[in-house]
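Please keep the sequence and the model in view as you read.

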Amino acid sequence: MLIILIGVSLFAFLLSYATGDPTTLLLSPNATQAEIEAFRKHIGLDQPVWIQYGRFVYNILQGEFPRSLTYNQDSFSLLLERLPATLLLVFSSMALAIFVSFPLGLFLAWRRTSWYTPALMSLTIIGYSTPIYWEAIILVLIFSITLGLLPPSGYGSFKHLILPAFAIATQQAALLVRMIWGSAVEVLNTDYVLTVRAKGVSEFAVLLKHVLPNCMIPVVTILGLQFAGLMGNAIMAEVIFAWPGVARLTVQAIFYRDYPLVQACVIFMAFIFVIANLTVDVAYGILDPRVRYK
Amino acid sequence: MDETIVLRKKHHLRAMWRTYFRTKELVIGTILVSIILGIAVLAPIITPFPDKQNLVYRLSPPIWYGERSNGFLLGSDALGRDILARIFWGAQVSILVGSTSVFLASIIGIPFGMIAGIFGGNIDNILMRIADIQLAFPDVLLALAIVATTGPSLQNIILAIVITSWVKFARLSRASTLVVKELTYTEGARAIGASTLHILLRTILPNIATPLIILGTLQVGSAIITESALSFLGLGIPPPTSTWGGMLAEGREYLMVAWWTSTFPGLAIMVAVLGINLMGNGLRQILDPKLNI
């Protein structure tokens with residue numbers, strides 16, 4: 001985990017170093033050479049690369065993130081400002097996806113031989129083959145422009161949340177249904193499920209108490225691996241729906257070559273990723289007693 | 001003697017066809033992919049001038065929608081260009097980017113993964129740490145940063161997609177190599193004195209090819225999605241080249257008045273990716289049902 005964060009910091013630094021000189025973008029075109037030099041000195045670009053990196057890491061360890069060039073603010077506080085919006089979006093779409101996919105996946109595994117199971121499973125392929133930016137546009141067309149029910153973009157009320165959360169959730173739910181289905185089908189074929197059924201336990205209790213806990217482990221693993229994909233979708237959704245979150249800030253920073261802000265965003269995202277993976281590890285312990293007793 | 005071999009071969013071929021047609025996902029996937037390939041190849045013949053502008057006919061609706069249509073099957077865009085023609089030409093870009101980037105990513109990723117898998121040690125450690133670091137980022141973000149740095153062009157977009165996806169090939173081939181190198185036939189090859197290179201190429205590679213082929217198929221789909229996402233964000237192949245993502249982004253500005261401008265290019269992306277995913281899933285069902293990518 002530590003290695004990842006060190007690697008990411010180096011990567012973030014080199015990446016923004018490679019984006020080129022930000023001075024030409026930030027200063028007016030008729031700035032004199034002396035002004036350019038002064039500005040370069042001001043943001044530390046006149047130093048050798050390794051000194052810049054050393055200073056960069058040192059500052060971060062001191063809790064001091066580089067100042068954003070476009071906002072002229074501490075980039076960390078900028079990120080914190082945008083964080084609640086992103087968390088709201090990601091968590092509500094995850095909740096929606098889990099709420100839909102768990103019952104559906106379990107049900108389809110239970111009714112594996114029904115005629116509608118292959119049809120619904122094919123539907124999930126359509127679900128994750130649809131690019132989120134197109135889905136978002138279609139949602140806006142239907143619900144905002146034609147029906148006039150929901151705002152096409154923005155942030156503030158519950159109504160603003162529905163479309164972006166739904167767009168992210170469909171992708172996630174489609175993947176989750178497939179994972180849960182695959183894992184639950186295996187569990188349903190095990191001897192212990194046969195035993196539980198032979199005891200006369202109701203089918204509902206079999207699914208909820210015996211199948212669900214046992215099919216969670218592979219699902220959680222893949223959920224952890226899919227986290228970067230989820231963030232990728234969140235980026236697109238935030239851009240399309242003008243959602244004032246971390247991801248949109250990152251994209252803007254890349255476009256404006258606001259490299260201190262890009263660095264902060266990249267490290268921040270990696271940090272979130274590390275936390276997500278830690279959560280997965282903790283979840284193993286909760287879900288699988290064997291891990292706990294080791 | 002010869003006859004039995006021929007018969008056996010015929011039987012084998014017939015069995016393969018039967019398995020193919022029984023896997024509906026694979027059949028539908030191949031049909032969709034063939035359609036996309038077909039329109040990409042035929043684009044210059046059917047619609048030689050996709051960039052022909054006609055401002056008089058700008059934002060004409062599709063021929064079957066409303067009276068004001070001007071003979072455009074799927075309508076026209078803000079510059080009066082035929083959307084269907086541009087979708088045809090856009091297929092070329094998507095297929096080119098998808099196949100080239102997967103080809104390059106696998107050429108880089110597979111040798112790295114196999115070497116890490118067979119030698120282990122420091123090479124393995126370094127490679128896997130790079131992979132861990134890279135997997136901490138969303139593909140789109142990394143590709144966006146690379147293209148923003150290097151400037152939007154066809155080569156740079158392919159480069160960005162290769163950089164974001166080679167890790168997946170490396171990881172998968174490493175994991176498969178770790179399994180195969182312990183098996184008795186590899187041991188056998190080593191026992192008769194085969195060189196490491198020979199073992200890598202003739203013993204291990206054929207035996208880890210199946211999951212890699214499936215991953216490669218699915219990656220073509222995600223490469224197409226990444227390319228369109230970059231175009232959509234304004235960092236795609238610069239105009240006037242027709243790209244699906246670019247058309248989607250242009251059309252989005254006229255969403256209020258002309259829904260067809262962004263609906264159909266997006267539909268094309270979806271159909272292409274769907275076809276590829278169906279093919280990948282179908283292949284997995286036939287070749288390696290237990291595989292999870």
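A residue counts as buried if 20 or more other C-beta atoms lie within 10 Å of its own, as exposed if 12 or fewer do, and as partly exposed in between. The model is predicted. By that rule Leu255(B) is partly exposed, because 17 other C-beta atoms lie within 10 Å.

**Leu255(B)**
- Leu255(B) sits in the loop between helix 9 and helix 10 of chain B.
- Leaving aside residues up to four places away in sequence, Leu255(B) touches Ile137(A), Val140(A), Leu141(A), Ile145(A) and Ser262(B).
- Ile269(B) is 14 residues away from Leu255(B) along the chain, and their C-alpha atoms are 18 Å apart.

**Where chain B touches chain A**
- In total, 35 residues of chain B contact 35 residues of chain A.
- On chain B, helices 4, 5, 8, 9 and 10 each give two or more residues to this side.
- Helix 10 of chain B gives the largest share, ten residues.
- By class, this side of chain B has 23 nonpolar, eight polar and four charged residues.

**Helix 6 of chain A**
- Helix 6 covers residues 116–129 of chain A and spans 20 Å from first C-alpha to last, close to the 20 Å expected.
- Thr124(A), Ile125(A), Tyr128(A) and Ser129(A) are buried in this helix.
- Seen down the axis of helix 6 of chain A, the buried residues fall within an arc of 135°, so they line one face.
- The face turned away from that buried side carries exposed Tyr116(A), Ala119(A) and Leu123(A).
- The buried residues of helix 6 of chain A pack against helix 8 of chain A, and also against helix 8 and helix 10 of chain B.

Conventions: Residues numbered from 1 in each chain as written. Chains lettered and ligands numbered in written order. Predicted model: local features only at pLDDT ≥ 70, side-chain atom pairs only at ≥ 80, totals over all residues. Contact = placed C-beta atoms within 7 Å. Helix = DSSP H or I, 4+ residues; strand = E, 2+ residues; numbered from the N terminus. Nonpolar A, V, L, I, M, F, W, Y, C, P; charged D, E, K, R; others polar. Expected span 1.5 Å × (residues − 1). Arc of directions from axis to C-beta.
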